Amino acid sequence: DHVYRVIEITGSSQKSIVDAIQAAVTRAAKTLRNLRWFEVIQARGQIENGKVAYYQAVLKLGFTVEE
């Protein structure tokens, strides 16, 4: 039996959506313990001069609650 706390976080990258996801997880791992899963709930980006300038990924992160 597990109990999870869920937070929402947004990562961004100039390279790719995958890098945006990794940026969010890497940053969250610096301050949260027991990260277990993520769910991409939104993918979006910014366009400049007809090209993709930034990718953004909004994630739900789940981590176990310590007793």
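A: Of the contacts in the protein with a separation of 6 or more, 64% join residues 24 or more positions apart, where contact means heavy atoms within 4.5 Å. The model is predicted, so that local features need pLDDT of at least 70 and side-chain atom pairs pLDDT 80 or more, while totals for chains, interfaces and linings use all residues. Residues are numbered from 1 along each chain as its sequence is written, and side-chain values use heavy atoms, with hydrogens and water left out.

Q: What makes β1 and β3 a pair of strands?
A: Two strands pair if DSSP finds at least two bridges between them; β1 (residues 4-13) and β3 have ten, in the antiparallel sense, and therefore they count as paired. In this pairing R5 stands opposite F63 of β3.

Q: Why are A20, I21, A24, A28, A57, L59 and L61 called a nonpolar core?
A: A nonpolar core is a set of buried Ala, Val, Leu, Ile, Met, Phe, Trp, Tyr and Cys residues joined through side-chain atoms within 4.5 Å, buried being under 20% relative accessible area, exposed over 50% and partly exposed in between (1.4 Å probe, protein chains only). These seven residues make up the largest such core, and four of them come from α1.

Conventions: Helix = DSSP H or I, 4+ residues; strand = E, 2+ residues; numbered from the N terminus.
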